[in-house]
Amino acid sequence: MIPAPFTYKRASSVEEALNLAAQAGEDGKFLAGGHSLMPLMKLRLAVPETIVDIGRLGELSYVREDDGHIAVGALATHDELARSGLVGSELPLLAHAAGQVGDPQVRHCGTIGGSLAHADPAADLPAVALALGATFRTRGPSGSREIVADDFFLGLFETALQPGELLTEIRIRKPQSAGWSFQKFTKRGIDWAIVGVAVQGANVALVNMGATPVRAAAVEGALASGMGPSQAAAHAADGTSPPDDLNGPRAYREHLARVLVRRALEESAARA
Amino acid sequence: MSILGTRVVRTEDPRLLTAGGTYVDDLRVPELAQAARVTFVRSPVAHAAITGIDVSAAKDAPGVVAVLTVADMDDLPPPPPDSGLTGTEGAPLPLGGPWSEPLLAVDRVRFVGEPVAVVITDDRYQGEDAAELVSVDYDLLPAVVGFDGALAGESLLFPAAGSNVVCATGTPADGAAFDGSDVVVEREIVNQRLAPVPLEGRATAARWADGKLTVWVSTQNAQIARFILAGALGLDPANIRVIAPDVGGGFGAKIGVDRDGLIVAWAAKHTGRALRWAETRSENMLGMTHGRAQRHAVKIGGTRDGRILAYRLQIVQDTGAYPRMGGFLPFLTSLMAAGPYDIGHVETAYQVVVTNATPISAYRGAGRPEATAAIERAVDLFATEIGMDPAEVRRINLVPADRFPFTSPSGATYDTGAYVEALDKVLAGAGYAELRAEQERRRERGDVQQLGIGVASYVEITAADADGGETARLVVHDDGTATVYTGSSAHGQGHHTAWAMLVEAELGIDMSKVTVIHGDTDLIPAGVGTYASRSLQLGGVAVQKAAVEVKEQARRLAADMLEASEDDLELNVDLGVWQVRGDPASSMTWAQVAAHAGEAGLAADVNYTEGKPTFPFGTHLAVTEVDTETGKARLIRHVTVDDAGTLLNPVLAEGQRHGGIAQGVAQALLEEMVYDTEGNPITGTLVDYAIITAAELPSFELLTSETPATINPLGAKGIGEAGTIGATPAAQNSVIDAVSHLGVRHIDMPLTPARVWAAISAAEEGIAR
Amino acid sequence: MKVTVSVNGKQIAAEVADRTLLVHFLRDVAGLTATNVGCDTSSCGACTVLLDGRSVKSCTVLAAQADGREVTTVEGLSGDSDELHPMQRAFRAEHGLQCGFCTPGMVMASVSLLAENPSPTEDEVRTALEGNLCRCTGYHNIVRAVLAAASEGRPS
């Protein structure tokens, strides 16, 4: 219920955040909205010795158009994304998915950067980022770089971020196709997705079908070769390794993936 | 016009809505100002021998006052001798004997979460840190998991007992009883293990000073808690004061005081330091008792034209690691097995087994939801087998209104009832014919979203311990206000409002001038408390009787003051004044009358029992939509009659029904405490244990029905558990009904999407069910 | 570290452990015990308060994160007035509480909902409250209370 003891540091600039993180070393963690990290710390599944609070870095909280892209600051909250007129009109997939993360209280605090950096395969936004073909901008001890979403999610709670490297911006090229769909299958509205599907145009990404969010490559290939939604969706589970857990056996998730991908493709086509 | 039976909003609410309730962890009383904090060290394994406990590192941690284990418990009375009772009499097992449960674990742990040590620290945060430093050596033993694991007996929780079967009783199966039936259906059904999850977990604070123990505990029964404390700690009850402050829900799992609370009280006495403890939710999920956990073998037989002739219910009760309630729950299940039906031959039998899981105790309904769920599934299975509408089968078999009092073949005598009328009211209110028509349309079209309609009729037993009675003391003060001291112990039920209504109705003292006090053994030494849906029919009636006695005392006093004959004295209830008949100028207020009572005061003490339980009843109808591609079920309508006799305050009764329905539906669709093969809980937090939220429920359609009880002047039966009892089978039946055209006959609860889909798949593959 | 939070309009400053949760700051330092802790997985919402006007689960926020910001708890809902806030009035009128433990969080979540969506449908109310668990009421009357408060029309 109570986190293990730690030292709290608050950053007033990105520069300072990086310095504090460097000083903290391996046992430091960034704290943004806290709604991925704090629950782990309260159960003592994460025991960082230093917390670097970046929550006040207003310069990382924005949504703007930039050269054919929508640029989202890493500290934009789920609620801000759900309500943003710009995101709603240009990236409705993102707006819609952000609006379904957790519950209102979680959405008021949790940030897109925090969710992506945490990389829970059952979370919604990582798969959405894949479907949108997002690029992530970071700043770290070795400078700035860009990482494409396809290269970002490496394993269970593991990303390409180096220690002390901060995700600063998510850049998404304005989609060519107006077709999109987000299918989040849960028992209760507040639950993590048992299986989720994010579709943007010809891109199909899956939530909770493996240790990372995954592109449904076989589905995308089938669509590219001219198959319709039903036929393409039959390949939804190809190459995936969904968990076997309380919410169902592997075969059930594979079945759900096929059903939800079909529904997502149909809905997306209707919107295109 | 009397205030009784009218809609009155609660007097409890302004405080709860502004300053908030004062639950145990909110107490800021002087006695606890220097209280230290208790943190438990609990077993992380299901079954093991304890071979060593090292507290040295913990003792040195910051803020640690003491670290206590069973080795420190040298100041407790010895356990009582084995009385030889085995719990088959329908009562809890006594403490002594081979099944006895210690306070802190002695040399064995038997469930994940069992308390092994306590760490006492100056503040709460230090407690969790220090508890991590207590090192316990466990030699793992094979875990006993599930009904069959227990029955197999390969691993025993209590080797001295020689078995995992705590008790067994009942009628041996009589095959001949089903000979006359055209159709016989048999099925194994599970009524799954649940966690009560009151929003406030368990909490206890205690202080030992000047030879007296004061214990504040989140309890449904302060007096029973005192009794338990006295026995466990070897103290004279006169030296124990138990106070129940506001309690954040109980649902049967906060009866008296439990093992962990006793440990806190002992530790306070042992260390001489005031202590407080409020468990975390993770602790609560494993440390608070669970509910249900019965496996049923049902057998139902009848004629092709719908008459049920015979029913057998065989129960295995998983009681968890320690048989605290013994045979009590399956005893009640057996008693209510026949439900509201007139069935010629009913036989029941039960076994109670221990497993390496949290102990089982009462949880809203306590044995009766299990009975209703079993027979309501059986009736639907029978209906499907004979191809008859399930509502029609019920109508044919429900006890008709002219047969009351009716002694059911499973042993209970139902007092009053209008079962068929309740069924018909619900069917009409739900628009049953149109629902079936819509279901048929969707089936013909082969819609993905199918409609299911589930019906459940029930009768339930309230105040099962009616002999225990309830107490009330009513005092009218010389300022015209009144105080009720009630033995009942509300934890959300609104007794303060209801009892004030009773005083106003009887005496004409405005509710705003009536204070109700409960839950303090110094102020109310005798009382039973709130469980078994007993409070209105026992506690409320006690309040009314006390008011009647006060009225008669007042009549004598007023007559004396007004120099008139008692026969000429009238109480004007509307104005709340005593008058001589025909002389309105002669007026005595309650204040004046009370003042005239002198030293003795104007007061009455009542200890009331009606001696017999009562039997509320009803019908629930659930409408669900099931997505046949994913298996996800959604409750879209829930219509009920819950007839608990004459309503005192419809607002309170509706609230009880709503809450019960939500918990009942949650059992059907979402909740289950799950353990893996090693006895580790998999659903140990609210992330995995799926409490139902507002988003999964519709607004409910409650219909009114009042068939008075005849046994008490309020005409009241109990309403608190009825909603849970009726809702679970209605919801379960509706989901199965939604996919019955695909060949599905039964799905065990909870009917999660994965389970429903598995049933659909199996049926589609033509596997015989 | 030193943390200063404006709680219901009053500055509360204290030296607290870095890991202090906002809910404990409110209960133990500010002495406002209406806000309750009901779980340890950010599931139940009993700890819901407003942080700079928006609902948050105060058990999942560090007091340090609330430093220099404004928190409103149910105790501060009616401000300086003796009268109940419309949401409090509605909860009472509709019997939207029984044991009261989830109530402060439920009320604050509801206030936040109406601030963002002054005229919600029943479905929107139910979805908006999915992060607030109640074991007593079955939500039926809570939903009625929120809709009643909404139709009474006073914003936030």
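Two strands are said to pair if DSSP finds at least two bridges between them, and strands (E, at least two residues) and helices (H or I, at least four residues) are DSSP runs, numbered from the N terminus. In chain B, β22 and strand β23 (residues 577-580) pair in the antiparallel sense over four bridges, and the bridge partner of B:Leu571 in β23(B) is B:Trp578. The structure is a predicted model, in which local features need pLDDT of at least 70 and side-chain atom pairs count only at pLDDT 80 or more, whereas totals for chains, interfaces and linings use all residues. Residues are numbered from 1 along each chain as its sequence is written, while chains are lettered from A and ligands numbered from 1 in the order in which they are written.

The two strands belong to an open sheet of three strands in chain B, which has the order β22-β23-β24 with antiparallel pairing. Its edge strands, each pairing on one side only, are β22 (569-572) and β24 (583-589) of chain B, and the twist from one strand to the next averages 35°.

Also in chain B, helix α13 (residues 495-507) packs with helix α14 (residues 535-562) at an angle of about 30°, their axes being 9 Å apart; axes are lines fitted to C-alpha atoms, for helices over the stretch in contact, and angles run from 0 to 180 degrees between N-to-C directions. Among the residues that make the contact are B:Trp499 and B:Leu502 of α13(B) together with B:Gly539 and B:Val543 of α14(B), where contact requires that the C-beta atoms of two residues, placed from the backbone, lie within 7 Å. By class, this contact of α13(B) with α14(B) has 10 nonpolar, five polar and two charged residues (Ala, Val, Leu, Ile, Met, Phe, Trp, Tyr, Cys and Pro count as nonpolar, Asp, Glu, Lys and Arg as charged, and the others, Gly among them, as polar).

Between chains, 43 residues of chain C are in contact with 42 residues of chain B. On the side of chain C that touches chain B, at least two residues each are supplied by α2 (86-93), α3 (103-116), α4 (122-128) and α5 (140-152) of chain C, and the residues of this side divide into 21 nonpolar, 15 polar and seven charged.

For chain A, the domain assignment (bounds come from an automatic or database assignment) gives domain 1 (7-53), domain 2 (58-173) and domain 3 (180-271). The C-alpha centres of domain 1 and domain 2 of chain A lie 18 Å apart, and their contact takes 12 residues from domain 1 and 19 residues from domain 2.
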